[in-house]
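Reader: I'd like to learn how to read a structure from its computed features. Can you walk me through one?

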Amino acid sequence: MTTKETLYLDDALAHAQFMAAQCREAANTLRDPELRRQAQKLAEGHCRVYTQFYNLV
């Protein structure tokens, strides 16, 4: 794997972590149950993306 590819994976991992954290934070502050579920689903999706990128390394 080239240095550029490694840097891309580092960025992708950091982005997925950040987005998952933002979605979890939103889910914790939302009062509407449907919106909360949607934010939780988004967080789970970003966690899956993180895992998929991590497994490439």
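**Surface, shape and cysteines**

Author: Let's start with the surface: the protein exposes about 4600 Å², and carbon and sulfur atoms supply 56% of that area. Keep in mind that this is a predicted model.

Reader: What share of the 57 residues is buried?

Author: Buried means under 20% relative accessible area. Here, 19% of the 57 residues fall in that class.

Reader: And the fold, how many helices and strands does the protein have?

Author: Two helices and zero strands. The radius of gyration is 14 Å, well over the 10 Å that the globule rule gives for 57 residues, so the protein is more spread out than a compact globule. Along the principal axes, the C-alpha atoms fill a box of roughly 45 × 15 × 10 Å.

Reader: Where is Tyr54 found, and is it buried or exposed?

Author: Tyr54 belongs to helix α2, which covers residues 33-56. Its relative accessible area is 51%, and exposed means over 50%, so Tyr54 counts as exposed.

Reader: How many disulfides does the structure hold?

Author: A disulfide needs two cysteine sulfur atoms within 2.5 Å. This structure holds zero. Cys23 is in no disulfide, and its nearest cysteine sulfur, that of Cys47, is 9.1 Å away. Cys23 is buried at 10% relative accessibility, while Cys47 is partly exposed at 34%.

Reader: What about charge: how many positive and negative side chains are there?

Author: There are 7 positive and 7 negative side chains, with the centres of the two sets 8 Å apart.

Notes:
Residues numbered from 1 in each chain as written. Predicted model: local features only at pLDDT ≥ 70, side-chain atom pairs only at ≥ 80, totals over all residues. Heavy atoms only, no water. Helix = DSSP H or I, 4+ residues; strand = E, 2+ residues; numbered from the N terminus. Buried < 20%, exposed > 50% of the residue type's maximum accessible area, 1.4 Å probe, protein only. Rg over C-alpha atoms; globule rule 2.2 N^0.38 Å. Areas by Shrake-Rupley, 256 points an atom, 1.4 Å probe, with all protein chains shown as cover. Lys, Arg positive; Asp, Glu negative; His and termini not counted. Charge placed at Lys NZ, Arg CZ, Asp CG, Glu CD.
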